[in-house]
Amino acid sequence: MKNETLLCIDDLHARVEDRMILNGLNLEVPAGEVHAIMGPNASGKSTLAQVLAGHDNYEVTSGSIRFLGKDLLSLSPEERAREGLFLAFQYPVEIPGVNNAYLLKAALNAHRTAKGIPEVDAFEFMRLIKDKMELMEMSTDFLNRSVNQGFSGGEKKRNEILQMLMLEPRLAVLDETDSGLDVDALKVVATGINSLRDPERATILVTHYERLLELVVPDRVHVLAEGTILKSGNHELARTLDKRGYDWVRDESASA
Amino acid sequence: MTLERLHEAYASALSGLEVSDTSRPLRDAAMDSFGKLGYPSRRREDWRYTDLKPISAGNFDPTPAIPNSDHIKHAHQLLDESLLDPNVSPMIFVDGQPEPGTHPPELSGLTVLGPEQTWEQIGNLQRKELYERHPLAALNTAFASSETLIRVSEGSKIDQPLHLVFITVESGKVTQPRILIDMPQDSSLTVVQHFIGEDTAAGWTNLVTQITQDERSNLTLYRVQEHGRAQFHTELLESKLARDAHIKLGYVDLGGSLIRNDVQIDLAEPGAVCELFGVFLTSHGQHVDNHTRIDHSAPQTTSREAFRGIIGERGRGVFNGKVVVHRGAEGTDAEQSSDNLLLSERGEIDTKPELEIYTDAVKCAHGATVGELDPDQLFYMRSRGIDEGTAKGLLTFAFANDVLRRIELPEVRKRVASSVAGELPDYDSWGGLL
Amino acid sequence: MSTESKEISDLVKQKYQHGFVTEIEQELVPPGLDEDVVRLISRKKGEPAFLTDWRLKAFRHWLTMTEPTWAHVRYTPIDYQSISYFAAPKNMADAPKSLDEVDPKLLETYDKLGIPLHERAKLAGVAVDAVFDSVSVATTFKGKLAKAGVIFCSFSEAVKNHPALVEKYLGTVVPQRDNFFATLNSAVFSDGSFVYVPKGVRCPMELSTYFRINAANTGQFERTLIIADEGSHVSYLEGCTAPMRDENQLHAAVVELVALEDAQIKYSTVQNWYPGDEHGVGGIYNFVTKRGDCRGANSKISWTQVETGSAITWKYPSCVLRGENSVGEFYSVAVANNFQQADTGTKMIHIGKNTRSTIISKGISAGRAENSYRGLVRVMPSAKGARNYTQCDSLLIGDQCGAHTFPYVEARERSARIEHEATTSKISEDQLFYCRQRGLSEEDAVNMIVNGFCREVFKELPMEFAVEAQALLNVSLEGSVG
């Protein structure tokens, strides 16, 4: 039985200011799968992630995106989040004076209220988060620090995954979560991502490098270049790209 | 000089001068303004820390001077001792008058014009609001002498800096030079204004420099004030910048008795940039007051302002830097700092960096510090064997030099740095290290 | 005075003692200010001669003064002769009989601010019955304080019961002539708080104006005097988050704090005076002079305030750091929205050796408001080793408002160390988007970020105030985004 299609992107064109970045992108992600999106720099990978999350710097000029059957483009960023879309940012922003626990609790409760479930109280919240923090090998004192303030790159990425684990999204979009991580941090992050794999959820890993994909093995790999998906395949494709780079894909698609 | 005396002097002074017809109505209107406004008093917020009584009560002669050959010889002696750059022939003004028989340097793309053309330009720039804010500028207009218009031709980028040196020799005179600089599109120029004089010459210099900057023009102006110890100095410098124009101003104040500098920059079109830095030393009764105002009137404009003051025994320093970000000036990026070292028991510094912001999409920050030398830095040097006096001297010099480094003319920078060092305490013991 | 008016005024005195109001009373005190009015005020309060003379001296000086115009605020000139200077007790016949009769919008605000139900009635001015509760609670507090020897009563009561203390300290921190509004206040002040904490006593609870009996609407010309004797500690809370309306538009209060050797005073204010409607009409003009004198060595005075109300705010809680090693602190959040104007800040005057001051000021501007920080740090030649740190941040919401900073730093002592930093910013798009991607609505995201901005100040507030302050901030910024 084919799984439910969580995400369906059809002929998406998007631009930032007056530059077209996505030029007719098509993508289908069924529930239960992990898809990797790879490609050279400035190919539009991050743009895709931001467009999915609804950042208004980017304008969708044509095409459609359906998420769980709904028209995603008609929803505001917080509505998309509450529907179950999570974006782990490439460059998580700092919010001075707002501590991590507070932001998470507020977000968790916003999600719950949207689903009609009662909000968490302080005890339940602490119980939930302590488990996840152990999994992510983070110490509890981070809870009182301001969001991402004074965090190293690796800490910021771990924080993103921690938030993801607490909010349990249907579709997680991870934008270059592996960049800047050392071997140990990478393992911890991969554990976190893998713990969320189940038949009801899907993950999109936007990445430049192959290393993460050895730890979080993708079901499908797509090559995004020149604003569109030029080639798709399985995990082998990722290994080939790692050895040969991206040019051959472009050449192949040009001659097709 | 009381208002009455000034009015008398105005009438008689002008008859002694060869005053161009163009200038008469402008001078009259300006004198009228000053008559109504008078000397700025301490009740005005922007004059709260500086008392002009020594000037208003002083007995000066505002009749433009006519230097004779002795004066000129004396001036040259002083100049030889204090030349900023031996490779450059400056334009020389003796007691406010251009040295007779000398010509401005011949530089391709640069024209230096005299009174007739200057007054035309003054007419274009004259406005009531300017005088209301700066009554002394009105006075300067009325009595202006050595009116000079420095004009660069469109597209000309002039490598050789233009030096103007103002030498005070005679005592008791009021000299009021008026300098205009016209920078058309894509032009670029560096100007150096230098003030020197005898320590016994007790007079008053009241200067106005007005600058117009067209698109993408680039002006750098270094102003080095090394007046004699008894001289009073007030000045206004204003510039209005068009799209993508740049101005860089460096203010160094070492001499004089009572100094008040007003700088007014209008970043009027997008992309305009202003860099304004200054170093001032005051001690033994000197009073230095730097009052600056930068208006961000258009979006995407940038300003960087940094002033450092070193206040010695019985010195008094005042800094007021006002940055105004007008409604609609989104993307403004403004930074301002005023850092001050109090070296002795009886110095005083009053600093007030001000921000007035009327729109939200901006990045503005300012800081002000007053303190002593960093004890950690001092200790570090001493732990390496350097004695306390030398360590203090070097650190104090470094405090100033950090900003002086922005002077891009190597000869001028070296010379200014060594003058600053020379004014610091115990220079003899550590000066040799520089 | 004529025989006729003397008879009437005696009549009035009688009626006041019986505690009810008749229509006659209101007719008898026409607006206007002259020496007779000043004497009338003093007589109605039964004040001793020294105080009447004190008021008159102030009044005579006030006549020679002109209103200051240097603040960055614009307002229609106040006609001092059209104000009534003796506030007659409210005519209870007109008061709402129950919460049902109160403006529903007001009740909605109480809800948002989390004001407990039993307080709402009092705040809304409901007559008699509902007030009963709070009176009994207040009596318990009085007992506790009496045991500790702490005097906490209204200023008028203090004049009657502790005149020597009042005479000793009144006007010694804010001299009569200090400024136009302080002088006016010295002449016509109505009432306020008086606190005296004896040597070595730590006041057993936080003192709140709410529990002061006879805390009728005397906000117009309040006069407060707090004295902390050697080694004592006291924390005082002023105001409340509920929007306070008042027929009297002009508020000119004076607060004097005296901290003797080793004493500490913490003064917290949460103020939400009626700011005027969305079009800037109406609204209170709040001109306040607050000053603390760290008279003794090792003393400490802390001002913490959250100001979100008033159409015009003009206040500079200050510390005079006289005693050696004394410490002055100022933590402030000032919010200006719609058409509000605020010109506020602090003055720290360092006189003694090794004194320290900390200033953390957070200004938030939205709508078409103007918010200015005006601060003075003055280090006198005697203040060896003085230290000051100032952090002044402004947050702008929208492009029609203004945020200004005017810090004056006057240093006359070489071993002083003064650091002032100021930043101005808006809520970044990135921060907003991050929060929204986590599921928060834009409004909630703004509230959270703004509260984060103010956190350093909020954590200085006594707990109960801190929670209310956060709610208050959210309510004040309603409608400012989007």
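Hi everyone, let's start with chain C, whose secondary structure comes to 13 helices and 18 strands. Helices here are DSSP runs of H or I with at least four residues, strands are runs of E with at least two, and both are numbered from the N terminus. Before I go on, a word on the source: this is a predicted model, where local features need pLDDT of at least 70, side-chain atom pairs count only at pLDDT 80 or more, and totals for chains, interfaces and linings use all residues. Residues are numbered from 1 along each chain as its sequence is written, while chains are lettered from A and ligands numbered from 1 in the order in which they are written.

Back to chain C. Of its 482 residues, 50% are buried. I call a residue buried if 20 or more other C-beta atoms lie within 10 Å of its own, exposed if 12 or fewer do, and partly exposed in between, with the C-beta atoms placed from the backbone. Take the contacts in chain C between residues at least 6 apart in sequence: 84% of them join residues at least 24 apart. Contact means that the C-beta atoms of two residues, again placed from the backbone, lie within 7 Å.

Please find helix α10 of chain C, residues 180–188. How many of its nine residues are buried? Eight of them are, so to speak, under cover. The buried ones run from F181(C) and A182(C) through T183(C), L184(C), N185(C), S186(C) and A187(C) to V188(C). And what covers them?

Next, the largest nonpolar core. By that I mean a set of buried Ala, Val, Leu, Ile, Met, Phe, Trp, Tyr and Cys residues joined through C-beta atoms within 7 Å. This one has 297 residues, and V195(C) and A228(C) have the most contacts inside it. Helix α12 of chain C, residues 442–458, gives the most to this core, with nine residues. Chain B takes part too: its domain 1 (3–377 + 406–416) and domain 2 (378–405 + 417–434) both give residues, so the core lies between them. Those domain bounds come from an automatic or database domain assignment. As general background, nonpolar side chains in soluble globular proteins tend to be buried together. If you want to look around V195(C), leave aside its neighbours within four places in sequence, and its contacts are I151(C), F152(C), L207(C), I226(C), I227(C), V234(C) and Y236(C).

Now to where chains A and C meet. The contact takes 19 residues from chain A and 16 residues from chain C. On the chain A side, α2 (77–83), β7 (95–99) and α3 (100–115) each supply at least two residues. The largest share of that side, five residues, comes from α3(A). By class, the side of chain A has 13 nonpolar, four polar and two charged residues. Here Ala, Val, Leu, Ile, Met, Phe, Trp, Tyr, Cys and Pro count as nonpolar, Asp, Glu, Lys and Arg as charged, and the others, Gly among them, as polar.

From chain C, look at helix α11, residues 429–437. Its buried residues are Q431(C), F433(C), Y434(C), C435(C), R436(C) and Q437(C). What do they pack against? Their partners are α1 (45–53), α2, β6 (85–88) and β7 of chain A, together with α12 of chain C. After α11(C) comes G439(C), with a positive phi near 105 degrees.

Chain A itself has nine helices and twelve strands, and buried residues make up 41% of its 256 residues. Its radius of gyration, taken over C-alpha atoms, is 18 Å, which agrees with the value near 18 Å for a compact globule with 256 residues. That globule rule is 2.2 Å times the number of residues to the power 0.38. Along the principal axes, the C-alpha atoms of chain A fill a box of roughly 60 × 45 × 40 Å.

Chain A also holds an open sheet of four strands, ordered β2-β1-β4-β5, with antiparallel pairing. Strands β2 (19–30) and β5 (70–71) stand at the edges with a single partner strand each, so one side of each is left without a neighbour in the sheet. Strands pair if DSSP finds at least two bridges between them, and β1(A) and β2(A) are joined by nine. For a landmark, R15(A) stands opposite M20(A) in β2(A).

Most residues other than glycine have a negative phi. D11(A), in strand β1 (residues 5–16) of chain A, has a positive phi of about 50 degrees. D11(A) is partly exposed, with 13 other C-beta atoms within 10 Å. In chain B, D244(B) has a positive phi of about 60 degrees and is found in the loop between β11 (232–241) and β12 (246–253). D244(B) is partly exposed as well, with 19 other C-beta atoms within 10 Å. Thanks, everyone!
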